[in-house]
Structure formats: C-alpha cells, structure tokens
Amino acid sequence: MLVLVAPGQGAQTPGFLTPWLELPGAADRVAAWSDAIGLDLAHYGTQADADAIRDTAVAQPLLVAAGLLSASALGDVAPGAVAGHSVGEITAAVFAGVLDEATALKLVRTRGLAMAEAAAITETGMSALLGGDPEVTVAHLEKLGLTPANVNGAGQIVAAGTLEELAALEADKPEGVRRVVPLKVAGAFHTRHMAPAVTKLEEAAKELAPADPTVAYVSNKDGKAVATGAEVVSRLVGQVANPVRWDLCMETFQELGVTALIEVCPGGTLTGIAKRALPGVKTLALKTPDDLDAARALIAEVAAAATA
C-alpha cells in the first residue's frame, strides 16, 4: 500500500522550484496560480534567497504549489492513504479530492498571511530536538514554558515558543537530547501564539465547499483517517494552533498496511523520519524531476504487488 505525503514549512530551499518549472506546462500552471493568489511563486521558487522564502506568507503557498506540481508530474497515482505535515495537509487535501488546486492555493495564501500576522505579535520560533526520551523531553519543554508543537516520531520533537524560551532550551537541553536545531520558520506554529490565525481561517472556511476524501486522509490532529470533507477543513483550521502528531500519523500508516511512502517536493524530511520509524517500508523523496522515474517504478511495483 502506497502513502503519498507532503512536507511542511522549513523544507524549502533557495531555487528548489527551478528544475520543476522546466517540465511541460509547469511554468504556465505556476503563473496561473501566482495570478490567482497575488504572489509570484516562480520568482520565490527560483530567485529568492533563504530569508525571503522563510517568510511564512511566502513559504506556505510555495510549498503547496511545489507539492502539487511534483505530484501531477508522477502521472496517475492511486495511493491508499495521503497525509501532510502542517501546511502539507492542504496539499494532501488536494490529493484526497477534498479541495481543488485553485481553492487550496487560495486557502494556503490566507493561512500564510494569517499566521505571519499572528507571528508578528510576539517574537517566537521553533527548534527541533534530536534524541532523548519523548516523555522526558515533553516534561522538560513544559517546564520551560515551551510547547511540543511537532511530535514527529523517530526521536524528533519540535519545540515552539518565544525566543527567550528557546534560548533557555539551548542552554538547558532535556536529558538525552543530542542537539537543538533552530528551524527556518518565522513563528511558534501549532501553539497558542497562532490563535488569531484560527479566527481568520474560520471565516475563510465558510466559503469552501469541500468534497469527501476519495482515499484515507490521515490527520495531524490525532493520526486518525477523516471521513468527510467538512471534518478535513475543520481540522485544517484548528490545526494551526494545535500540535502536529506525525508520530500518530505513521502509526496509522502501519495499521493500514503501508509498504511504500513517496514524499512530494521538496521531499526529504518526512522520508528521513519514515526510514527510522517505519522499518521495511520503501521510501522515496521527490527533490528534482530526476527522481520521477524511480518514483514511477515504485508506484508500479506497489500496484503489481496489490494485484498479485
């Protein structure tokens, strides 16, 4: 069984969209999306520097656009389940047929702007903790006033809070944690600091007419597969202020019988976690179009095994 996943903020790097725009029709699609949301995606994906694409209002639409573009380049794909990490949940909602591409890009533009505004209220950020016991780490974070905003599994938890709280964490790491790595994000996402963004997304969601998922849509909230489009959208709205439980998503992948996992562009983060947390599962990250042939071969292999 194939799972198709989409990465979240922090996966972007300068110029990562450049080779994808060389595919037939890609530049025109991205230009149309750019016009629809008032953001030059091609510029930010090819020419902008790391600081420019770190901007939440830019990074989020850019990541969704890249995910959609790379997935469509695969051709016909019939995953058994889909999921996205944080903003990648909007990309996954398109994979599941809940939202169309244009609606997803408009929603993520609203999300990015709203979260950027919320992040500007207080100086906040996020840092990844590598290693350590999850229970010990979470208790230590709470003692410092930080939120375990992403519980990613495979020994990785992301802490979020004010810059002062993160500085205290750097100076006082939880027992067993090897490294604390600041992330390329501009706010404490998936925490109480994002509450103002939830209010704006609730208003935007009223205009949507989501369809029910055509495949299992695994939610960051609790790792459960969501049955209705309305519930998917409700969770997309609330999730900006709630922790991402990617560890529980992977547990659900296992329960569903996952044998292969493909991560759309800019892939690498989620496949890296899966290699440690899902032993025996074949993984592939779409980083450039050079990865497409291997991805198609893996899709064909899964399909052949399913019909054997």
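Q: Which residue in β10 is the bridge partner of Leu 261?

A: Strands of a sheet pair through backbone hydrogen bonds, either parallel or antiparallel. In this predicted model, Leu 261 has Thr 283 of β10 as its bridge partner. The pairing of β9 with β10 is parallel and has four bridges.

Q: Which pairs show the two senses, parallel and antiparallel?

A: β1 and β9 run parallel and are joined by four bridges. Within that part of the sheet, Val 5 is opposite Glu 263 of β9. For the antiparallel sense, take β7 (residues 216-218) and β8, which pair over two bridges. There, Val 218 has Ala 225 of β8 as its bridge partner.

Q: Which way do the side chains of β9 point, and are they buried or exposed?

A: In β9 (residues 260-263), Ala 260 and Ile 262 point one way, while Leu 261 and Glu 263 point the other way. All of them are buried, the charged Glu 263 included.

Q: How is the packing of α4 and α6 described?

A: Two packed helices are described by the angle between their axes and the distance between the axes. For α4 (residues 56-73) and α6 (residues 101-121), the axes come within 7 Å and cross at roughly 155 degrees. Angles over 145 degrees count as roughly antiparallel, so α4 is roughly antiparallel to α6. Their crossing is right-handed.

Q: Which residues make that contact, and how many are nonpolar?

A: On α4, the contacting residues include Thr 56, Gln 60, Val 64 and Leu 68; on α6, they include Glu 101, Leu 105, Val 108 and Arg 109. The contact is made up of ten nonpolar, three polar and three charged residues.

Q: Where is Thr 191, and is Thr 191 buried or exposed?

A: Thr 191 sits in the loop between β6 (177-182) and α9 (195-205). Its relative accessible area is 2%. Buried means under 20%, so Thr 191 is buried.

Q: What is Thr 191 in contact with, leaving aside neighbours within four places in sequence?

A: Thr 191 is in contact with Thr 147, Ala 149, Ala 160, Val 240, Ala 241 and Asn 242.

Definitions and conventions
Residues numbered from 1 in each chain as written. Predicted model: local features only at pLDDT ≥ 70, side-chain atom pairs only at ≥ 80, totals over all residues. Heavy atoms only, no water. Pairing = 2+ DSSP bridges. Axes fitted to C-alpha atoms, helices over the stretch in contact; angles between N-to-C directions. Parallel < 35°, antiparallel > 145°, perpendicular 65-115°, else oblique. Left-handed = near helix turned anticlockwise from the far one by under 90°. Contact = heavy atoms within 4.5 Å. Buried < 20%, exposed > 50% of the residue type's maximum accessible area, 1.4 Å probe, protein only.
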